[in-house]
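Please read the points alongside the coordinates.

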Amino acid sequence: MRAEFAHEQAQTYLRQRNRFAVLAGVLGLTTLVSLGAAVTRDEHVVLVPITAERIAVSSGGIDAPYLELVTRDTALMLLNRAPESLDYWMANILKLADPAAHGRLKAELVRIVEEQRGSDISQAFVIAEMHVDPKNLTSTVTGTLKTFVGAQVIASQRRSFRFRWSKRGLSLALAGFEQLPTDKEEPGQ
């Protein structure tokens, strides 16, 4: 009787050991596959071309340095234009547009393109100062807006522009922009 009991006990321990061995094998194989995937997986890092600062984008909010860089690049792209590059100019600004504001922004840009196409009028903007408000997702850029006919400067004025942004997940998109009235202008002119 003791021999049968001992044999039955040994068989129970043997089955339990075999289950643990199979489980250990499956876990080991899973670990190897995971390590292989981790080693061969491509990493994606967002690089900002010109910055000495460390930029962080999180679901908690937008950092002021990041908003400043995006505003700088958008302002320079939006406010520097020539008749030869209007289609490229409009297409790239619309890539930045918030889907909810896409139609309104496109209508504004089409109006600008129609006014400028076929002319010799170009403009260039030189940024003098910038203020960003990451909490309200707005930014204001002030600088000199120069208007050219051919190579001749016909106007050079200090102007300010406000950009409105929207955030969806980790992406920042252009929701709108406007030229702010100068001290000499009344708001409605």
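1. Seven of the ten residues of strand β6 (residues 171-180) are buried, so this strand is largely enclosed by the rest of the structure. Buried denotes under 20% relative accessible area, exposed over 50%, and partly exposed the range in between (1.4 Å probe, protein chains only). Strands are DSSP runs of E with at least two residues, and helices are runs of H or I with at least four, numbered from the N terminus.

2. The model is predicted: local features need pLDDT of at least 70, side-chain atom pairs count only at pLDDT 80 or more, and totals for chains, interfaces and linings use all residues. Residues are numbered from 1 along each chain as its sequence is written, and side-chain values use heavy atoms, with hydrogens and water left out.

3. Strand β5 (residues 152-168) pairs with β6 in the antiparallel sense over nine bridges; pairing requires that DSSP find at least two bridges between two strands. W165 has L174 of β6 as its bridge partner. Two residues separate β5 and β6 in a hairpin, and G169 in the turn has a positive phi of about 65°.

4. T142, in strand β4 (residues 138-149), is buried at a relative accessible area of 9%. Beyond its neighbours within four places in sequence, T142 has contacts (heavy atoms within 4.5 Å) that include F125, I127, R158 and S160.

5. A124 belongs to strand β3 (residues 121-133) and is partly exposed, with a relative accessible area of 23%. The C-alpha atoms of A124 and T147 are 6.6 Å apart, although 23 residues separate the two in sequence.
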